[in-house]
Amino acid sequence: MKIAATACVNVGKRRSNNEDNLCFNGECLNEQSREAPYFRTVTLTDEQCFGACVCDGMGGESMGEAASLIGANAFAEWLGRIKTGRHFRWNAAAGEYFADGGEKVAQYSASIGAVSGCTAALLLLQEGRAYFANEGDSRVYLLRGKKIKRLTTDQTLAEMLVKTRRMKREQAEHSRAKSQLTGFLGLAQCKPNIGKPFRCRKGDRFLLCSDGLTDMLSEQQIYEKARIGEVSYCARDLMDGALAAGGDDNCTIILVEVS
């Protein structure tokens with residue numbers, strides 16, 4: 001399995017601090033590096049395991065920054081255990097990350113006496129199969145052929161209203177309820193959305209992103225920018241598109257191609 005992947009992070013045009021973080025095959029942003037624009041590209045040949053995670057902090061400034069750093073570092077530790085293990089059961093393994101990461105974020109919240117947390121959207125590629133899961137509203141997409149498919153489900157009030165048929169999908173995309181989380185890493189009893197694994201096909205692309213991208217660009221715009229060209233070019237084009245559209249929030253993008 002050959003993998004080409006690019007990750008980029010930008011604070012945006014309206015925020016003074018970055019509450020996003022990521023784990024890019026083991027590398028996370030630290031306290032010194034997270035404010036500067038981040039851009040990394042890797043090409044892996046015969047790689048048996050690749051993992052990535054996007055975390056978007058909540059709680060305001062230092063609280064959100066700390067929560068997303070905890071979530072990203074917890075994923076890096078979890079990924080290290082996955083890479084050194086021989087076999088795993090996906091639901092149990094994913095549940096282990098969300099339980100461990102959630103507990104660490106909750107402990108941090110208790111230590112400062114305030115509510116904090118972060119989203120977590122993760123992708124694991126191992127032996128030709130794709131595994132994905134999320135809490136919150138950071139997303140994982142699959143681009144295959146001429147289609148883009150959202151693999152994850154947002155844990156937001158808007159999504160809940162759509163599911164219960166109290167709001168139409170078109171209304172939800174422009175509703176304040178879209179930003180009201182019903183689940184996140186650090187929330188007690190939060191149940192993660194753990195996806196069903198599937199076999200990768202040659203040319204599949206996976207996009208992980210925070211809402212700093214999806215609030216700025218439509219899914220059709222994302223597809224048009226992410227599908228054709230080298231992943232490094234496409235990831236940069238997506239970030240430029242989010243900034244050109246206003247850059248209202250911190251934005252994190254990870255684009256991965258399997259061949």
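How much space lies in the largest cavity?

Modeller: About 60 Å³ of space lies in the largest cavity. The model is a predicted one, in which local features need pLDDT of at least 70 and side-chain atom pairs count only at pLDDT 80 or more, whereas totals for chains, interfaces and linings use all residues. Residues are numbered from 1 along each chain as its sequence is written, and side-chain values use heavy atoms, with hydrogens and water left out.

A cavity here is a set of points on a 1 Å grid where a 1.4 Å probe fits but cannot get out, and lining residues have an atom within 4 Å of a point. The count comes to one cavity of 30 Å³ or more. Its lining consists of R139, R150, D154, T156, A158, E159, V162, R169, A172, E173 and K178. Two helices (DSSP runs of H or I, at least four residues) each supply at least two residues of the lining, namely α3 (157–163) and α4. Of these, α3 gives the most to the lining, with three residues.

F184 is buried (under 20% relative accessible area), with a value of 8%. F184 and E96 are 88 residues apart in sequence, while their C-alpha atoms are 15 Å apart in space.

Helix α2 (residues 90–112) has 23 residues. From its first C-alpha to its last, α2 reaches 33 Å, close to the 33 Å expected at 1.5 Å a residue; the expected span is 1.5 Å times one less than the number of residues. Its buried residues are W90, A93, A94, Y97, F98, G101, G102, V105, Y108 and S109. After α2 comes G113, with a positive phi near 65 degrees.

Helix α7 can be described in a similar manner. It has 14 residues (231–244) and should span 20 Å, which agrees with the 20 Å between its end C-alpha atoms. Within α7, V231, C234, A235, L238, M239, G241, A242 and L243 are buried. G246 follows α7, and its phi is positive, near 140 degrees.

Conventions
Buried means under 20% relative accessible area, exposed over 50%, partly exposed in between (1.4 Å probe, protein chains only). On a 1 Å grid over the protein atoms alone, a cavity is a set of points where a 1.4 Å probe fits but cannot get out, and a pocket is an open set with protein on both sides within 12 Å along at least five of seven lines; lining residues have an atom within 4 Å of a point. Grid points are joined across faces, edges and corners, and a volume is the space filled by probe spheres set on the points.
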